[in-house]
Structure formats: structure tokens, C-alpha cells
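Please walk through this model with me, from its surface to its sheets and then to its side-chain contacts.

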Amino acid sequence: MSQENLEACFKQWQDNEALAEQMIPLLGDLYRRFNVVPSIYGRSLINRSMVRILKNHRWVRKAEGVELSVEDTFPLVRAMIELNLGPAHVDIGKLAVAFKRSGETDIAAFLTRELAEIVDGYVAGGMGGEPKDVVLYGFGRIGRLLARIMIEKAGGGNLLRLRAIVVRGDGDDLEKRASLLRRDSVHGPFEGSITVDQENSALIVNGNYIKVIYASSPAEIDYTAHGIDNAIVVDNTGKWRDEAGLGQHLECKGVAKVLLTAPGKGDLKNIVYGVNHDDIKDSDRIISAASCTTNAIVPLLKVLNDEYGVVQGHVETVHSYTNDQNLIDNFHSGDRRGRAAALNMVLTETGAAKAVAKALPELEGKLTGNAIRVPTPNVSMAILNLTLNTASDAERMNDFLRTASLHSSLQKQIDYVDSCEVVSSDFVGNRHSGIVDGQATIVTDKQAVVYVWYDNEFGYSCQVVRILQHMSNVRFSYFPTR
């Protein structure tokens, strides 16, 4: 390449950086002022660096086969500010691609038509209504990630308001609790400011005042004494999984509903957002968000069953070790789980295959499952070995799954990757509940093997927050609609 071309290439990069830099405050204005959540083919543009915004644009070439530049999206973002939009999720990438393909030249007219339902829908105060109080009962791996996500979303006027966390102890560990939220060996540092209010037993996180309540059981707590009322309690402890145990929360003053971040037992509804969240009724007071593995596989199983029909199958989970295992060999009530987690692959059981039927009754009795715990701290894989009603091949099935990840109602649950270089750590922080590895797909006639990565901590936590929003009647329209 000539020196002139080299300089032109670098100049184009600098120009794109400058445009991305100009775009950042406009995206922030859309989010914080209008409650518009902007993205590019499902990749969020909120609180993203210049380079991340450029990478999200570059990704469109892989997703859609079309080059997309900030030169294409910047005029759309600028025009959207002038439309006084109502709250919605808007995929700017898809709009930009549609505008390029349309051959139109009037951006304002194009956006006014595509976003007609929310044009001039802005109402001072954001989404309207009263914020919903949320309490995290337990502040371990999932609890802290839920806190991060909810605090991140609070910047856009989200109606979910994290008011308190409940932990065991005597009140002398606030600095330690803050430190665990601030730093994470897997998910990295918290993006924001955390201040400890020792006198009032609270954490102030990006301006969110979060009371830290010390209690050994729900019976000890009166939430109304802390100004909390009609709250949803998210139980992250896993100590109780049935209606009787979780019902203890409902006996506390100030609690309206309970959400369990583990598979529920008995008649509790196990909800996988995107698949059966419409089963949640206003009268339901205790809901389960199922397990991370169930959330990873159910959306994929739904689209595969709808398209091909699942006759039977086996789910093998290769799962990162968790807190319930031992660091070194010691007593454990579960089979094999007492052996050193960081030194062994540990064959164990999983209820995910049977739990699928709670979200997809049509697959009841059709799946078996096992799990292998492996020496990695996060990101797991589910291998779906399925017998189908309809024959296919790997290329056609991958095309179908890729399209589902981009354009279906499950695009926030299903992601797709087509690279022979990716490994588990590449999916840390992925917000989808499952990511299809297209390079690994095997299809022979009616027999298919689909490999699904998932961040069993963060991806699952995103699903939990989506359920929280649904329980709180937080609803967004999604654009474009086609």
C-alpha cells in the first residue's frame, strides 16, 4: 500500500473517531432525557467508548453483510433528538441499513415514518408512573451483578429503583461489601462511584442511596421503617425455593412480590424471559427466574422446535464451578461436588433438561441432561443433541439461527457467533442468555448438535432484570418493527 493510501486510511479512522465522539453526548441525551435506548443490531450504545461504538458499527458487516459507518448513523441520531421521541428501544443500526437500502435522501421523513408511534411522545419525567422499589435479599455473585445492571439502567429513568440489600452480619463490613461491588475478578471494575455511609448503614452508588439491612431471616425486617413499600424482593440466596419458604418475605411489611434467582419447586412459575414471561399475572406474588442453564437453552429450543420439531434430545452442560463447590477436597452433601473445584472436572446432575418443560410444556419428557463442572470461574456451554422431525443441514440451520438472533422476538436472548477462534472468556459480560457457536453446529439429516455458550452470571442476571421490569409493568416498544 502506498504512503498516500496509508495516510488516507488513518485519516478516515480519525474522522470516524471524531464523529463517534460527537455522537456520545447525543446518545446520552436520547437515553437520559427521552428514555430511548439506542443500539446497533442489539449491541448497546449506552455508556460506550468511541472505540466500542466503532466496533459495534464494524460488527454489522458480519451480521448483515453491509458496511455501516458512523457517517451513516450520526445523521440519524442527530435527527432523532429533534423528534421528541417517547420511551422505546431503537436499533439505530437497523434503521441506518434500511435507510441506505431504501435509496431515500430525507432522513427526517424516513424517521418520522419508521418511528411514527413514538414521535412527539416525550413526556417530562420519562416513562411516567411511580418507581418500583427493589430489594436484593443476598449480595453474592448474582446479587452484585443485579445491582450493577440496575444502577446502570437507573441513569435513563428506569422505573426500577434499588432501595436496599439484605445481608447477614453485624454492620461492620460495609467497606468490604462496597469493595466487592467495586472490584470483580471476572467482570472487572464497577463503572462508577461508590461511597460508604457508615453512620446510616448505606451505600451511595452513582447517586443511588441503597440501605444495607443486616438480618438473619425475613422475620426480622420491616422495610417500611426504611421508607420502602410495595417492593419486589429478589431472593438470591437459594435458601428457599418453594412457596412456603419464599412466602416468609411476603409477611414482611413493605413487600408486594418475590422473585427467586434459582429454579422454583412445586407449583411456582419458572419464567424464561422472552419465552413465557407473558404467563406472569398481576396476581402472582412469587415467581422463579429458573436457572442460568434453563435460560440459555429454552430460547434456542423454542425456535428449533417451532421450525424443525424436537422429537427427543440430550442436554450436556459444561459449567463453570460455583460457590457451592469446595476449593479443596472436603465434605459436601452433593455427589462429587466435594472434590476440589479448581482441579477437577466434576460430573454432576442438572435439573435444566426437566425444567425446560415448565417454560415449554410441549417438550415435557423429551429431554435428558447431565452437567460437568469444569475449572473455569465463569461462562459455560450447553450442548444440545437433538433428534428432529424435519431434516436439515448445518448451513441451513445456522442461517436460521443467525436470523433468529438478529430479527426474531428472541434477539435479546439468542446471540450468534461464527468464528473458529472464540473461547469461553470471550463471552464474559455477554447480555444474551445463550450464544450459538455456528462453527460447531453439526447436522446430519434429522440429527442436530448445537453448541451454546452462555455467561452463567451476567447473561442470567440480565434475564432476571428483564423479568423485574415485566413484573413492574415497565414496557418498551421496539423499533424498527420489521
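Tryptophan 13 counts as partly exposed because its relative accessibility is 37%. The cut-offs are these: buried means under 20% relative accessible area, exposed means over 50%, and partly exposed lies in between (1.4 Å probe, protein chains only). Tryptophan 13 lies in helix H1, residues 3-34. Helices (H or I, at least four residues) and strands (E, at least two) are DSSP runs, numbered from the N terminus. Together, Phe10, Trp13 and Val51 make a nonpolar surface patch of about 290 Å². Patches take residues with over 30% relative accessible area and no salt bridge; like charges are joined within 9 Å, and nonpolar side chains (Val, Leu, Ile, Met, Phe, Trp, Tyr) within 5 Å. Accessible areas come from the Shrake-Rupley method with a 1.4 Å probe, and for residues only the protein chains shown count as cover.

A word on the source. This is a predicted model, in which local features need pLDDT of at least 70 and side-chain atom pairs count only at pLDDT 80 or more, while totals for chains, interfaces and linings use all residues. Residues are numbered from 1 along each chain as its sequence is written, and side-chain values use heavy atoms, with hydrogens and water left out.

Now the strands. Strand E3 (residues 88-91) is covered on both faces. Ala88 and Val90 on one side are buried, as are His89 and Asp91 on the other. Strand E1 (residues 36-40) pairs with E3 in the parallel sense, over 4 bridges. Two strands pair if DSSP finds at least two bridges between them. Serine 39 stands opposite aspartate 91 of E3. E3 also pairs in the parallel sense with strand E20 (residues 477-479), over 3 bridges. Here valine 90 stands opposite phenylalanine 479. The peptide bond from phenylalanine 479 to proline 480 is cis, with omega near -5 degrees. Proline 480 lies in the segment after E20.

Another sheet is open and has 9 strands, in the order E6-E7-E8-E5-E4-E9-E10-E12-E11, with mixed pairing. Its edge strands are E6 and strand E11 (269-270), each pairing on one side only. Strand E6 (residues 194-197) runs antiparallel to strand E7 (residues 202-205), and 4 bridges join them. Aspartate 197 has alanine 202 in E7 as its bridge partner. The two strands form a hairpin with 4 residues between them, and serine 201 in the turn has a positive phi of about 50 degrees.

Most residues other than glycine have a negative phi. Aspartate 120 also has a positive value, about 60 degrees. Aspartate 120 is in the loop between helix H5 (107-114) and E4. At 59% relative accessibility, aspartate 120 counts as exposed. Aspartate 445 has a positive phi near 60 degrees, and lies in strand E19 (residues 442-454).

Turn to the rings. There are 4 aromatic pairs in the structure. Rings of Phe, Tyr and Trp (its six-membered ring) pair if their centres lie within 6.5 Å; planes under 30 degrees apart count as stacked, over 60 as edge-to-face, and the rest as tilted. Tyrosine 137 and tryptophan 240 form a tilted pair, 6.1 Å centre to centre with 45 degrees between the planes. The pair links distant parts of the chain, 103 residues apart: tyrosine 137 is in strand E4 (residues 132-137), and tryptophan 240 is in the loop between strand E9 (231-235) and helix H8 (243-250). Tyrosine 137 is buried, at 5% relative accessibility. Tryptophan 240 is buried too, at 14%.

Charges also meet rings. The charged end of arginine 43 sits over the ring of tryptophan 59, 3.7 Å from its centre. A charge sits over a ring if NZ of Lys or CZ of Arg is within 6 Å of the ring centre and within 35 degrees of the ring normal. Lysine 94 lies over the face of tyrosine 41, at 5.8 Å from the ring centre.

Lysine 269 lies in strand E11 and aspartate 284 in the loop between E11 and strand E12 (286-288), so the pair ties together parts 15 residues apart in sequence. Arginine 337 and glutamate 349 meet in another (3.9 Å, N to O). Salt bridges that share partners join Asp324, Arg337, Glu349 and Arg373 into one network.

Definitions and conventions: A salt bridge is a side-chain nitrogen of Lys or Arg within 4 Å of a carboxyl oxygen of Asp or Glu.
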